[in-house]
Amino acid sequence: MQKQLRERDEQIERRLRPKLPDSLPPEDEQIVRNSLSNRSFLAKAAREQVSSQDLIRLRPGQWLNDEIINFYGAMISERAAKFEKDKESSKASGTANGTPSLNGKGKARAAFPSMEGVGDPWKVHVFNTFFLPKLQDMGYEKARLNKWTKKIDIFSKDIVLIPCNLGNSHWTCAAINFRDKRIEYYDSMGMDRPSIRHSLRSYLDLEHRDKKGGAPFDFTGWEDFFTEDSPQQENGYDCGVFLCQTMENLSRGVPIPFDFTQQNMPYLRRRMIFEITAEQLSLKRL
């Protein structure tokens, strides 16, 4: 019964979900053009940075590199952390009903107004693109992956996102979803890879033993999840944009089939340039 109610709510949410626009506002499009023509362009988020040579990969028909993917993941993590910090501050000051703000460089907050029918950021951690190769090629101990989370408790998160580079020819997305107790995999070309979920299941247990006094992870109620209903690409170069937008949707708990399709790729490439220039994501999806 509970599952049926949830499916009904998701169907209603899809109908109410705002559709993405076809283009940026003129003033934001001008910012995008300025960034693309700026040979000394440099944006920074956490430990990641994007140069002018990286940014041009968001032009049509280009394959995204590690720098773009990792920068976008860093912005997702920073948005989630900012949202939680502001929410706690609001509670402490007695204004829990207020909307946390995202103030920083750029005009992303003003350009992307809050929209109904779209979820608030979850508690999120995003690994970089080098995490999965180290896990699969070297293993948890040899790669010293316990050091990667020395200051982070992944078990306190709602979801952990893992960008996957498949042989330098395709980007996909994996996730450890603590809210729904699922190890998830999303591929914009519809191919499942159970080995990735198996590696993440092993990682989850070893990380729990390392951080929680040797206790094994309790997988009771956990499921593997893969669906072909996630957005599918229709060319050989947009997979990186699909990955970034899948992570963005998952970071807000947006249900399948998410809020974008192949049709939105030209717009989303321009918007990603604008977001990278602003060095932050908006609180809400426009």
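Predicted model: local features only at pLDDT ≥ 70, side-chain atom pairs only at ≥ 80, totals over all residues.
The protein chain has 9 helices and 7 strands, where helices (H or I, at least four residues) and strands (E, at least two) are DSSP runs, numbered from the N terminus. Residues are numbered from 1 along each chain as its sequence is written, and side-chain values use heavy atoms, with hydrogens and water left out.

Let's begin with the whole chain. Of its 286 residues, 50% are buried; buried means under 20% relative accessible area, exposed over 50%, and partly exposed in between (1.4 Å probe, protein chains only). Now for contacts, meaning heavy atoms within 4.5 Å. Take the contacts between residues at least 6 apart in sequence: 70% of them join residues at least 24 apart.

Next, find the open sheet. It is formed by 5 strands in the order S3-S4-S5-S6-S7, with mixed pairing. Two strands count as paired if DSSP finds at least two bridges between them. As background, strands of a sheet pair through backbone hydrogen bonds, either parallel or antiparallel. Which strands stand at the edges? They are S3 (124–126) and S7 (223–226), and each has a single partner strand, so one side of each is left without a neighbour in the sheet. From one strand to the next, the twist averages 20 degrees. Look at the S3 end: S3 and S4 (residues 159–165) run parallel and are joined by 3 bridges, with Val124 opposite Ile159 in S4.

Helix H7 (residues 194–211) packs on it, touching S4, S5 (171–177), S6 (182–186) and S7, and its direction makes about 145 degrees with that of S6. Helix H8 (residues 239–250) lies across S3, S4, S5 and S6, and runs at about 15 degrees to S5. For these angles, axes are lines fitted to C-alpha atoms, for helices over the stretch in contact, and angles run from 0 to 180 degrees between N-to-C directions.

Is Glu207 buried or exposed? At 1% relative accessibility, Glu207 counts as buried. Its side chain makes a polar contact of 2.6 Å with the side chain of Tyr140. (A polar contact is a pair of N or O atoms within 3.5 Å; within protein, one must be able to donate a hydrogen and the other to accept it, and residues adjacent in sequence count only if both atoms are side-chain atoms.) For contrast, visit Asp218 in the loop between H7 and S7. Asp218 is exposed, with a relative accessible area of 54%, and a polar contact of 2.6 Å joins its side chain to that of Thr220.

The remaining two strands make a hairpin. S1 (residues 42–45) and S2 (residues 48–51) pair in the antiparallel sense over 4 bridges, and Leu42 has Ser51 in S2 as its bridge partner. There are 2 residues between the strands, and Ala46 takes a positive phi near 55 degrees.

Now for the inside. In soluble globular proteins, nonpolar side chains tend to be buried together. Here, a nonpolar core is a set of buried Ala, Val, Leu, Ile, Met, Phe, Trp, Tyr and Cys residues joined through side-chain atoms within 4.5 Å. The largest one has 48 residues, and Leu64, Leu161 and Ile276 have the most contacts inside it. H2 (26–37), S1, H4, S3, S4, S5, H8 and H9 (265–278) each supply at least two of its residues, with the largest share, 8 residues, coming from H4. Apart from it lies another core, of 24 residues, among them Phe127, Tyr140, Cys164 and Phe178.

Ile68 is buried, with a relative accessible area of 0%. Ile68 and Val50 are 18 residues apart in sequence, yet their C-alpha atoms are 6.5 Å apart in space.

Last stop, the cysteines. How many disulfides are there? With a disulfide taken as a pair of cysteine sulfur atoms within 2.5 Å, the count is 0. For Cys173, the nearest cysteine sulfur, that of Cys164, is 6.6 Å away. For Cys244, the nearest is that of Cys173, at 9.4 Å. Cys173 is buried at 1% relative accessible area, and Cys244 is buried at 0%.
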